[in-house]
Amino acid sequence: MAEPGSSGLMRRICGMPERAKLHLAMLTLQFGYAGFHVVSRAALNMGISKLVFPVYRNIIALLLLLPFAYFLEKKERPALTLSFVVQFFLLALCGITANQGFYLLGLDNTSPTFASAIQNSVPAITFLMAVALRIEQVRIKRKDGIAKLLGTLACVGGATVITLYKGPTIYGRSTLHGTYFVNEHQMPILGDASAKNWTLGCVYLIGHCLSWSGWLVLQAPVLKKYPARLSVTSYTCFFGVLQFLVIAAFAERNLDAWVFHSGGEVFTIFYAGFVASGIAFAVQIWCIDRGGPVFVAVYQPVQTLVVAIMASVALGEEFHLGGILGAILIIIGLYLVLWGKNEERKLAKDTAVITSATADHVIHSGIAKSSLAEPLLPSSSENV
């Protein structure tokens, strides 16, 4: 008798190796974030406050995560100390307040496509930060170190090609015979911010990328001391809500800004809260804990590819040769980084085995020498 589709799929996923689960989780995460770019721009064009939006977003995420964190991590959650409180507060300041605040300010002055493209600097920034803090090792004299470095550059380069080089049309409105899902007259709601300060928007988005990279890197050492992943995410969301509320109390005095005016506003906020915060944060911190910050960041350029494909298929935008070339570079880059990390892990295991074997050999040699030397020593009876 055949298994039901959903239960059979869940069993297959649960039976996958952990590395395969990590890749699947990161790919799914990029699809969720790709939709978030469009949803966020739609929210801003509807007139939602740039301060009210992240407050509601993080409240929804906190309500989603809190029950799971409380019940599932009762036994593994360490005691909350002042040191942990300070670390969670700083994680929220970097990963929630600065990250989301700069993103919305930048998006309001640019476009979803550009915001997605500039985020491709996150792998390179994260890589440099992780190396500077010695969380990530780069040995350029070894093949794994060279692979990780070249792979990071290839990922960033591939996403840059998608953004800057179009080339001839591979398929689009002409090849799809006009059968796309959204009418041309509906597309301006998601269009570029033509009347805004583009330069200022770029500065905000660079601040967003810096804070996001810092957040990815800083989570790794915190998780070593506080291994309850969902609890870390919940505390981070909690302090992020408090920080945004304090800022909103001074900067957003219009009470009407806190009221929903349409179903579209409700949808954008719930999507941001459930998908882009609650689910995404939980998946992301699990991947950081198991794969490291660079592993998570290197998947960022995939988001640009996903946005390009979604825009081509769902919105009827043309897909150009630059997208194909960029996709190839991204795939090569991902392979190089993941291969490099796999080789590094194998070498670390081999080194540990050799070190252990050497230590055992030294111990056994010492015991053997000691046993051989004992008969040469005068016994107590001979001294009498």
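Student: What does the accessible surface of the chain come to?
Tutor: About 20000 Å². Carbon and sulfur atoms account for 70% of that area. Keep in mind that this is a predicted model.

Student: And how much of the chain counts as buried?
Tutor: 44% of its 384 residues.

Student: OK, new topic. How many helices and strands are there?
Tutor: The chain has 14 helices and two strands.

Student: Let's take a pair. At what angle do H4 and H8 pack?
Tutor: About 155°. H4 covers residues 82-109, and H8 covers residues 198-225. Their axes lie 7 Å apart.

Student: So what does that make them, roughly parallel or roughly antiparallel?
Tutor: Roughly antiparallel. The cut-off is over 145 degrees, and the angle here is about 155°.

Student: Is the crossing left-handed or right-handed?
Tutor: H4 passes H8 in a left-handed crossing.

Student: Which residue classes make up that contact?
Tutor: Between H4 and H8 there are 16 nonpolar residues, 11 polar ones and one charged one.

Student: Switching to H6. Which residues are buried there?
Tutor: H6 runs over residues 122-132. Val122, Pro123, Ile125, Thr126, Phe127 and Ala130 are buried in that helix.

Student: What follows H6?
Tutor: Arg134 does. Its phi is positive, near 60°.

Student: Last one, on the whole chain. Among contacts between residues at least 6 apart in sequence, what share joins residues at least 24 apart?
Tutor: 89% of them.

How values were computed: Residues are numbered from 1 along each chain as its sequence is written. This is a predicted model: local features need pLDDT of at least 70, side-chain atom pairs count only at pLDDT 80 or more; totals for chains, interfaces and linings use all residues. Side-chain values use heavy atoms; hydrogens and water are left out. Helices (H or I, at least four residues) and strands (E, at least two) are DSSP runs, numbered from the N terminus. Buried means under 20% relative accessible area, exposed over 50%, partly exposed in between (1.4 Å probe, protein chains only). Contact means heavy atoms within 4.5 Å. Accessible areas come from the Shrake-Rupley method with a 1.4 Å probe; for residues, only the protein chains shown count as cover. Axes are lines fitted to C-alpha atoms, for helices over the stretch in contact, and angles run from 0 to 180 degrees between N-to-C directions. Angles under 35 degrees count as roughly parallel, over 145 as roughly antiparallel, 65 to 115 as roughly perpendicular and the rest as oblique. A crossing is left-handed if the near helix is turned anticlockwise from the far one by less than a right angle, and right-handed if clockwise. Ala, Val, Leu, Ile, Met, Phe, Trp, Tyr, Cys and Pro count as nonpolar, Asp, Glu, Lys and Arg as charged, and the others, Gly among them, as polar.
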